[in-house]
There are 2 protein chains.
Amino acid sequence: MTVPLGQPRRVAVYSRLAAGIRAQVFPLGSLLPKESDLGTRLGVSRTVVREALMLLEEDGLIHTRRGVGRFVAPELPRAGLERLRPFEEVLASQGQTVGVENLQATIQHATDFVAGGLELDPDANTWFWETRLTRDGEPVALVQEHIPAGRDLRDISPLLAERLRDPQDPGRTLFAVMTDVLGPVFGPGECAMTAGVAGATRGRLLSLAPSAPLLILTQTAQHGGRAAYLAKYIVRAGERLSINQPPQS
Amino acid sequence: MTVPLGQPRRVAVYSRLAAGIRAQVFPLGSLLPKESDLGTRLGVSRTVVREALMLLEEDGLIHTRRGVGRFVAPELPRAGLERLRPFEEVLASQGQTVGVENLQATIQHATDFVAGGLELDPDANTWFWETRLTRDGEPVALVQEHIPAGRDLRDISPLLAERLRDPQDPGRTLFAVMTDVLGPVFGPGECAMTAGVAGATRGRLLSLAPSAPLLILTQTAQHGGRAAYLAKYIVRAGERLSINQPPQS
């Protein structure tokens with residue numbers, strides 16, 4: 001099994017198994033193969049398999065029946081904004097495929113808002129990615145993402161700094177690239193929401209009237225205890241995003 | 001200590017201590033009194049205190065230093081939509097006081113949407129509460145809440161059925177009354193969000209133009225494994241609601 005650079009093996013195994021469950025390679029409600037069989041199949045140790053299964057159980061994708069084995073859940077939880085993940089995945093979890101068009105990926109002098117949000121020197125530069133997400137060819141959201149550039153980025157990850165210098169990955173948001181390069185190592189995060197209107201520029205990019213209502217999300221995420229990601233997701237009215245809330249206690 | 005009916009003692013103690021922390025009776029960063037002292041002060045056993053402290057630690061309000069004791073966190077997490085709670089509390093967590101005006105509290109024949117959402121017989125009746133939330137006298141949100149009525153409500157809680165027959169509690173949403181009567185026993189829940197426009201009626205109730213953009217949240221929550229609460233929160237543009245997201249793993 002090839003593991004993306006910087007991604008712990010248990011997380012890679014988790015992702016493979018989760019993808020298998022979502023693709024019904026392991027059908028809903030079915031008994032999963034034994035730890036040792038999964039380990040052989042995926043070319044990893046039983047310990048790694050066991051840790052990945054623990055994560056799957058925590059996320060409600062599988063459950064254990066004592067003395068019997070592990071089963072795929074009868075119904076899969078639909079992940080929402082309660083978790084940090086690439087916005088194309090948040091929209092795709094509505095059940096359809098989401099296209100990602102890269103509009104720009106540049107290094108910019110940070111605005112006050114961005115420098116403040118990322119806790120950077122006011123003279124610092126930042127990476128700015130803008131992508132448009134589509135469904136069935138229709139634009140549904142704009143994603144504007146900021147992370148530190150230069151030394152501040154190398155402090156976060158030399159690997160990521162290197163990767164971004166290459167031609168940009170087509171068809172991904174910056175957060176998807178970050179998670180792919182570094183593994184899921186971001187957080188905690190905060191996602192704030194409000195309503196607004198499109199205005200001329202965003203209206204043009206989303207094929208909407210300037211007066212059209214929009215859902216506007218501001219996402220921040222930390223890495224190693226400091227602000228490392230700041231984004232704005234601008235979403236067409238009618239898209240429904242969800243938050244799963246645990247029972248009160 | 002008087003415990004609201006149906007509320008576990010650990011949750012009552014949790015609430016008391018959390019309120020004390022938020023009111024700075026226990027200042028930020030300070031050492032908390034010992035378990036035994038807290039127990040004496042609150043008139044409950046050490047076991048109950050210990051369980052409440054565990055909940056406070058899980059929620060980031062306190063932290064333990066091994067061998068030293070428990071400390072109030074240096075900064076309090078601002079709770080957001082990742083938890084099920086009364087909408088006036090969600091808006092109040094922005095730091096200001098929120099007023100709640102009851103517009104109506106009636107038993108209605110369920111619409112298809114409500115009967116479906118609450119998994120009720122299409123002929124069933126439901127409680128419908130509508131409240132308007134204000135800040136500094138300005139309307140900021142409308143809250144429209146539905147729960148089962150009659151037998152279906154008595155199946156959930158005879159106590160709650162009884163309480164709703166009395167004159168309505170002024171200045172609370174239905175969810176706040178439910179949590180007050182039964183304790184925090186609801187969930188899991190799902191909160192879905194989208195953007196929309198006010199339209200004439202809601203615009204009038206919120207003092208907005210019919211074309212004004214709004215944030216629209218649909219909240220569902222279960223009780224004992226079945227749908228028990230369905231609400232729509234209609235929020236003025238500019239209000240920022242947040243979701244706290246744990247680190248990726």
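**A close look at one helix**

A: In helix α8 of chain A, the buried residues are A:Leu174, A:Phe175, A:Ala176, A:Val177, A:Met178, A:Thr179, A:Val181 and A:Leu182. Buried here means under 20% relative accessible area, while exposed means over 50% and partly exposed lies in between (1.4 Å probe, protein chains only). Helices (H or I, at least four residues) and strands (E, at least two) are DSSP runs, numbered from the N terminus.

Before going further, some ground rules: this is a predicted model, in which local features need pLDDT of at least 70, side-chain atom pairs count only at pLDDT 80 or more, and totals for chains, interfaces and linings use all residues. Residues are numbered from 1 along each chain as its sequence is written, chains are lettered from A and ligands numbered from 1 in the order in which they are written, and side-chain values use heavy atoms, leaving out hydrogens and water.

Back to the helix. Because eight of the nine residues of α8 (residues 174-182) of chain A are buried, the helix is largely enclosed by the rest of the structure. What do its buried residues pack against? Their partners in chain A are α4 (87-92), β4 (125-135), β5 (138-148), α7 (158-165) and β8 (226-236), where contact means heavy atoms within 4.5 Å. After α8 of chain A comes A:Gly183, with a positive phi near 85°.

A:Phe175 belongs to a cluster in which ring pairs link it with A:Phe186 and A:Tyr229. Rings of Phe, Tyr and Trp (its six-membered ring) pair if their centres lie within 6.5 Å; planes under 30 degrees apart count as stacked, over 60 as edge-to-face and the rest as tilted.

Over all chains, the count comes to six aromatic pairs. One of them joins A:Phe87 and A:Tyr233, whose ring centres are 4.2 Å apart with planes at 10°, so the pair is stacked. This pair links distant parts of the chain, with A:Phe87 in helix α4 and A:Tyr233 in strand β8 of chain A, 146 residues apart. A:Phe87 is buried, with a relative accessible area of 1%, and A:Tyr233 counts as buried at 3%.

In chain B, B:Phe175 and B:Tyr229 form an edge-to-face pair, 4.9 Å centre to centre and with 65° between the planes. B:Phe175 lies in helix α8 (residues 174-182) and B:Tyr229 in strand β8 (residues 226-236) of chain B, 54 residues apart. B:Phe175 and B:Tyr229 are both buried.
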